[in-house]
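Q: Please take a close look at one part of this model and describe it in detail. A connected account, with the cut-offs behind each term, would be appreciated.

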Amino acid sequence: LFVTSKFGKIWRLPVSEMDDKSVDAEDVEVTEVFEIPHRMCLNGARGLGGIAIHPDYPSKPYIYVFHNHDKYRDCSSSMDMDEGPVNRMSRWTLNSDLKSIDEDSELVMFETRRLNTQTHNSGYIAFGNDGNVYVTVGEAGTKKAKSTDGTPYPMAFDVTL
């Protein structure tokens with residue numbers, strides 16, 4: 001079982017020990033596995049948004065993480081479309097001990113456009129029956145697009161790889 005925090009930390013809890021009713025929860029060894037190594041903006045709903053383990057874990061020891069990335073050193077939420085950080089979908093590889101992540105193994109799968117608000121960042125990650133990985137990316141709270149009658153509506157991101 002992997003547990004995350006908004007602040008970019010990932011811990012591993014040994015499920016086999018937790019299933020044993022005779023083990024006191026205070027005696028379960030919680031291991032910090034990883035901390036996202038680059039800058040993140042943490043204002044509002046920003047931060048680590050989602051995590052998923054490859055369905056063939058541990059034979060495919062990949063962890064997928066959707067997180068906020070302060071790519072431009074700009075955590076602004078000014079509503080200016082040219083300001084703010086991005087959200088990033090990355091894949092990292094667990095080391096052979098399955099208790100730590102190789103910091104140099106990051107594969108950036110995609111980044112969103114710049115986020116000019118602090119909300120609606122989403123980040124739910126799941127694997128489909130087709131073997132593909134899917135992530136919800138939200139619409140970052142934007143309402144810049146307008147319908148033909150002038151009504152503003154959210155602009156959802158559509159990222160297809």
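A: C41 counts as buried, with 0% relative accessibility, whereas C75 is partly exposed, its relative accessible area being 31%. In these terms, buried means under 20% relative accessible area, exposed means over 50%, and partly exposed lies in between, for a 1.4 Å probe and protein chains only. The model is a predicted one, in which local features need pLDDT of at least 70 and side-chain atom pairs count only at pLDDT 80 or more, while totals for chains, interfaces and linings use all residues. Residues are numbered from 1 along each chain as its sequence is written, and side-chain values use heavy atoms, with hydrogens and water left out.

These two cysteines, C41 and C75, form a disulfide with their sulfur atoms 1.9 Å apart; the term denotes a pair of cysteine sulfur atoms within 2.5 Å. By this rule the count comes to 1 disulfide. The link of C41 and C75 is left-handed, with -85° about the S-S bond. It connects distant parts of the chain, 34 residues apart: C41 lies in the loop between strand 3 (31-35) and strand 4 (48-53), and C75 in the loop between strand 5 (62-69) and strand 6 (86-93). Strands (E, at least two residues) and helices (H or I, at least four) are DSSP runs, numbered from the N terminus.

Two strands pair if DSSP finds at least two bridges between them. Strand 2 and strand 3 run antiparallel and are joined by 4 bridges. Here W11 stands opposite E32 in strand 3, and I10 stands opposite F34 in strand 3. Strand 1 (residues 2-4) pairs with strand 2 (residues 9-12) in the antiparallel sense over 3 bridges, with T4 opposite I10 in strand 2. Strand 1 and strand 2 form a hairpin with 4 residues between them, and G8 in the turn has a positive phi of about 100°.
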